[in-house]
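Welcome, and thanks for taking a look at this one with me. Please open the sequence and the structure side by side before reading on.

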Amino acid sequence: MIYLDNFRSTMVAPEVWAAMRTAAIDEYAVPAAFTQCGTGAAELVERAQNRLAAAIGASQNEVVFTGSGTEAINIALWGSTWAQAVDKPEIVTSEIEYPATLAVYKALEKEGYRAHYIKVDGEGKYDLDQLSSVLNEHTAMVSLMGVNHMIGTIEPLAEAGTIIAEASQHVGRRIPYHVDFASALQTQRLDVDAVKADLVSFSSNKIHGPKGVGALYVRKGTKIRPITFGSESYSPLVPGTPNTMGIAGFDKAVELLYATFDKDVEHMLGLTNRLATGIREHIPYILLNGPDGAGRAASHLCYSFLFIEGEAIMMFLDMDHIVVDTGSACAAATLKPNYILMAIGRNHEEAHGSIRFTLSRYSTEADVDTALAKLVPIVERLRAQSTIRPPAQ
Amino acid sequence: MAIKYTTKVIEHFKNPHNIGVIENADACATEGSPACGDEITVYLKIDKATDRIEDVKFQSYGCASNIATGSIITDLAKGKTIDEAEAITWKQAADELGGLPPVKMHCSVLAVDGLRSAIRKYKKEMKGIDYDSTLDVKTVTEELKHVLWPPVGVDIITLKMVKYIGIDQGAVRVEISVGSDDKFLDPTINEIVEHVSKIRGVKSVNVENV
């Protein structure tokens, strides 16, 4: 199988699996005080907190592990928004966020919060002037993302952080700034101080860790309250027994990520460029979705193939054991075209023929070359069957 | 629940029967629209003495089930008289494929609509049978029977989701009842507009969720 859908989820690295096995079978006690096995498990969790914290310029007690990236986003957004004592509260995000963020915002809107959705340009980059213009004394939350999961746009997090910090100074209160870093972690380094983030969400399964574990950075002093309740022995913010097996896996994944980070990013960039060049050379009538070159994350490549539909392309590739994703309405559970592609100005038809390739450090030149070799005749064949023709033909 | 296609759908998608164009076809019709995500064109060659479909081909801009349903309806229609072929239902087409996921049943409706439209064009031209009926509540209701509610793949009339149909000098108002944040609301409104707009005399379509 050639797996080019690594944003959805990555393969668990063999070293990660080994660490999880040890945690599950040899270190299965619940983190606790005094006993050897309990403190061993507690140290496992602390080690993981330390490693992630060190990687993002935070301290150990500013990192908690959650049940997923989605749970981290929920704790950050509900927990911190609720904790703000703001009159007629308003919340700010963009129109191209990850579904978890948008779902929480819709739910908060039902609770009476007024939401602002920042627009993006044709490459998916935030309109920072608009961000600047909507911040005021009522703002209770700003949530933005590091890399857009569909089109790979690297977002200007630090510039946004400066704008939010200035607005905070102006209103005399810290406006909380949440960053969804789940799709960025694989290719972008993060310094929470440089970005001026108060809350950052992470997901383990985007970086060759297991599913079912995420993490949340909470800057010391950030107003936040828990959204679930239970035993607080691990953390008041994430009550209950921590998933030590998942945390051990996530920790190993973080260790591996940073051990070869620059080399891996360069490797992925080489592959996405190679794939992009091949597509441009062999397939006419295409549109690149998202930025070309440096503005796009090394892992992402999203093209629209005009006159045909993406689910059909995806399924033909799948029969050849090549896994990709599409923004086509036909493949969506909602029958709607991908909202991110619509936000960058694509029409239904253009969104329909979209295919997203997301690579990982394990992807190879042979993977990319095989995918391209299979893709070209699939596109030609579907175009020959289509009711729509290029204008010239 | 995992949504997957039957082996038969996959077979017809991989190797669609009767794909292509008939030059000098006796009738040809296109249904759907690229903006709505799927479109099918059906071509017919008809023996004028017997009214039998000698050859049928189709082209498809759409997903796997769109291609597979195009393939199966052309198989079903070939060799039949135009009256027999016109009576093929979308349920029959889907059953022939071993079933379709509910969310994909509209592809079957589209394929059958394409076939019927081509047959009706032929009947109109050759026999003077005019199917374009007057714009009234009954015609709109009939047309709305072609709009399926995606989660269950059953039409919105049968499901009693249409609460009101009003017509005023070509302006059609359709009131439906769906949860305001239902994820299928927007695509269903688009489908209603697409279908009702096809009826002769319709100047505008306004769908309200009440």
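Here are some numbered notes to walk you through the two chains.

1. A word on the ground rules. This is a predicted model, in which local features need pLDDT of at least 70 and side-chain atom pairs count only at pLDDT 80 or more, while totals for chains, interfaces and linings use all residues. Residues are numbered from 1 along each chain as its sequence is written, and chains are lettered from A and ligands numbered from 1 in the order in which they are written.

2. What the record says about chain A. UniProt has an unreviewed entry that puts "domain: Aminotransferase class V" at residues 2–369 of chain A. UniProt positions are given here in the numbering used in this note, with shortened feature names, and annotations may be inferred rather than shown by experiment. In the model, that span is 40% helix and 15% strand, and its end C-alpha atoms lie 11 Å apart. Helices (H or I, at least four residues) and strands (E, at least two) are DSSP runs, numbered from the N terminus.

3. The sheet of chain A. In which order do the seven strands of the open sheet run? The order is β2-β8-β7-β6-β5-β3-β4, with mixed pairing; two strands pair if DSSP finds at least two bridges between them. At the edges sit β2 (63–66) and β4 (114–118) of chain A, each pairing on one side only. From one strand to the next the twist averages 20°. Axes are lines fitted to C-alpha atoms, for helices over the stretch in contact, and angles run from 0 to 180 degrees between N-to-C directions.

4. A helix on that sheet. Helix α4 (residues 99–110) of chain A packs on the sheet and touches β3 (90–94), β4, β5 (139–145) and β6 (177–180) of chain A. The direction of this helix makes about 155° with that of β3(A).

5. Following the pairings. β2(A) pairs with strand β8 (residues 214–218) of chain A in the antiparallel sense over four bridges, and A:V63 stands opposite A:Y217 there. β7(A) and β8(A) are also antiparallel, over five bridges; A:S201 has A:L216 as its bridge partner. β6(A) and β7(A), in turn, run parallel and are joined by three bridges, with A:V179 opposite A:V200.

6. Chain B and its domains. Chain B is divided into domain 1 (7–127) and domain 2 (137–209), with bounds from an automatic or database domain assignment. Their C-alpha centres are 23 Å apart. Eight residues from each of the two domains of chain B take part in the contact, where contact means C-beta atoms, placed from the backbone, within 7 Å. On the domain 1 side, helix α5 (residues 105–127) of chain B gives the largest share, four residues.

7. The record for chain B. Unreviewed UniProt annotation lists "domain: NIF system FeS cluster assembly NifU N-terminal" at residues 5–126 of chain B; this span is 46% helix and 22% strand, with end C-alpha atoms 39 Å apart. UniProt also places "domain: MIP18 family-like" (unreviewed entry) at residues 139–207 of chain B. There the chain is 28% helix and 30% strand, and the end C-alpha atoms are 16 Å apart.

8. Where the chains meet. The contact takes 23 residues from chain B and 19 residues from chain A. On the chain B side, α1 (7–14), β2 (38–47), β3 (52–61), α2 (64–77) and α7 (185–197) each supply at least two residues.

9. Two backbone angles to look at. Most residues other than glycine have a negative phi. B:D51, in the loop between β2 and β3 of chain B, has a positive phi near 60° and is partly exposed, with 18 other C-beta atoms within 10 Å. B:K160 lies in the loop between β5 (154–155) and β6 (162–168) of chain B, and its phi is positive too, near 55°. Is B:K160 buried or exposed? B:K160 counts as exposed, because it has 8 C-beta neighbours inside 10 Å.

Notes
A residue is buried if 20 or more other C-beta atoms lie within 10 Å of its own, exposed if 12 or fewer, and partly exposed in between; C-beta atoms are placed from the backbone.
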